[in-house]
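Hi everyone, thanks for coming. Have a look at the structure on the screen while I get going.

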Amino acid sequence: MVIVEPRIGYERLLDALREWGVSVCSGVTGGGLVHLLKHMDPYIPQRTRSGELEFFTIGEYVADFVPLGHYLATGEIAAAAATTGAASKLLLCGLSDAKLHNIPAVYLIAATPSSMTFQSPLQDTTESGSNMIGQLMAELPQGTFVLDDIESLDEQLAAVWEQLNQSKPVALVLPPDALSEMTSPAFDTGMRVRPRDAVERERPSAFLQHHLSHRRKGRIVVMAGDEAARYPDLPYLTTRLCEVLKAPILWSINGANAVSRNNPYGYGYLGFGGNDRAAELWDDLNEHDLLITIGYCADEYTTNFSPAKAGLVWNITASAYLYGSAHGSFRHQVAGEFQQTVGDVAAILRETILWCQAHPQICNEESPVYPDLNTHAFERARGNAVDIAAFYEKLDGLWQPDSVGFDDVCLAYKDRQYVTQRPHPYAKMYSLYRGSAMGGAYGLGLGAKIASPGKHVFVFSGDGCFRLYGGCLMEARQLGITLFVLDNASYGIVEQGLSKVLPDTPARRYHGELERMDFAAMARACGWLSVRLSPDLSNLSDIMREAYRQDRPSMLVEVPIDSHQIVGPNPRLKNL
């Protein structure tokens with residue numbers, strides 16, 4: 001065995017971060033972090049990365065979403081850090097979205113030494129102050145680790161990795177007194193921090209033989225949930241599965257990244273901003289049908305509390321304990337029987353496709369094919385505003401390879417999918433809708449660009465969302481992202497909804513109006529390029545050509561829109 005030389009706790013923590021593949025940490029320095037951050041080089045855009053862990057200085061509300069965009073773009077884990085006091089509260093919106101969307105991320109949060117309890121220290125995080133550890137434990141009971149014992153540090157770090165390996169975020173609380181101590185010499189057992197484990201494979205053959213060896217009376221329907229977007233081969237495999245079974249497929253907004261535009265059996269996005277054919281298919285499921293789900297996805301945004309009415313739901317997943325599950329199952333969210341196969345998702349699908357090819361008697365009769373997945377016409381914009389439906393239609397023809405986009409919590413995360421209907425092969429699009437933290441998409445975009453500078457990163461945000469990150473434009477001026485700001489001088493998604501929820505209430509009491517802002521001037525003042533989209537879309541092609549130009553500053557595009565133009569459906573209004 002090899003003897004591990006003693007190191008201070010901060011250094012051992014940094015070793016672990018490197019072993020987990022963390023190469024960037026975002027946030028703002030401060031008293032509780034300085035002894036950790038002094039070991040990191042600054043992250044500088046457009047400079048060749050050192051390969052060492054680097055620190056990207058940016059406000060905490062933006063920083064907390066950077067690890068999420070980083071992971072969605074590359075599958076690589078990143079970190080965010082906050083010092084004591086209000087900084088930690090600003091950091092935790094991203095942590096919530098990481099939990100709700102099953103994204104592994106590391107949140108490093110400085111803490112007041114427990115010995116300071118009842119001593120009135122500055123920015124008191126102890127039980128007598130903000131009780132920060134109690135708050136974190138309430139949200140992440142298995143994912144909160146207080147690194148206050150240098151002798152158990154390696155054991156704790158191994159447990160941290162177990163959480164990350166299950167697609168869960170972690171909060172590491174850093175008391176400076178403990179982490180400044182020296183670790184004891186020890187024997188290296190090789191068990192401190194293991195490399196990321198391959199998912200153990202569970203064979204689907206038993207399920208297929210038991211449930212599908214004889215022709216079912218009903219249909220077979222496929223659903224791609226958010227989890228399915230994590231696997232690069234899924235668009236091909238879901239298409240082959242649908243072709244072999246002649247089965248229609250529907251998908252969640254992020255699950256669309258696991259579906260090919262050319263899948264002839266596509267029925268569209270389900271739920272908030274979803275397509276009419278997808279809604280009809282979901283509502284038409286009955287006790288005779290089999291629903292094959294790849295990452296069961298039954299959040300309010302997707303199914304609006306409507307349980308899957310199929311007689312049998314078969315879920316294929318890499319982890320049984322994802323958000324929304326109860327005791328490792330989604331049985332509570334289906335009307336009929338629920339079965340689950342846990343393992344390598346792509347391998348399970350390949351084996352299922354081969355099995356179904358060998359048993360053609362189980363396939364559907366030919367399912368209807370719909371070139372148009374909507375049955376309702378778009379409303380059109382009023383006045384001198386961009387027609388948002390025409391905008392998304394034209395934009396859909398301008399994507400180039402290696403594009404990734406993020407929809408913020410505004411009309412952008414409701415309308416795009418209804419208009420475009422199917423995912424684009426060149427552009428992966430994501431929305432962290434479960435936490436619905438306004439302004440979070442900006443941090444996602446920065447994280448994606450830092451993780452993969454060669455990708456073309458687009459953020460679609462609202463004028464209300466902009467107010468939450470507008471002070472952090474300067475730090476991203478050299479990243480080269482493209483930010484579309486939908487400007488309607490209102491919280492448009494709220495105003496659209498309240499006109500139906502509170503039809504007898506005067507609009508002035510919706511409290512949705514915003515003061516007009518010169519976004520282009522703000523962007524230019526921060527070193528960005530800026531342009532205003534013409535209402536007739538005549539300059540959109542030029543804007544997109546500039547967006548794909550390499551080695552340019554970041555660019556903000558103002559999009560004047562009409563908040564009264566209702567495009568995508570909002571079934572959630574029934575719950576308000």
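I'll walk through the sheet, then the cores, then the cavities.

Quick ground rules: this is a predicted model, with local features needing pLDDT of at least 70 and side-chain atom pairs counting only at pLDDT 80 or more, while totals for chains, interfaces and linings use all residues. Residues are numbered from 1 along each chain as its sequence is written, and side-chain values use heavy atoms, leaving out hydrogens and water.

Strands here are DSSP E runs of at least two residues, helices H or I runs of at least four, both numbered from the N terminus, and two strands pair if DSSP finds at least two bridges between them. Strand 7 is joined to strand 8 (residues 170-174) by 3 bridges, and Thr144 has Ala171 as its bridge partner.

Now the cores: sets of buried Ala, Val, Leu, Ile, Met, Phe, Trp, Tyr and Cys joined through side-chain atoms within 4.5 Å, where buried means under 20% relative accessible area (1.4 Å probe, protein chains only). The largest has 154 residues, and Phe391, Tyr442, Leu446 and Trp528 have the most contacts inside it. Helix 13 (residues 345-358) provides the largest share, 7 residues. Apart from that core lies another of 32 residues, including Val22 and Leu153.

Strand 17 (427-430) gives the most to the largest cavity's lining, with 3 residues.

How values were computed: Buried means under 20% relative accessible area, exposed over 50%, partly exposed in between (1.4 Å probe, protein chains only).
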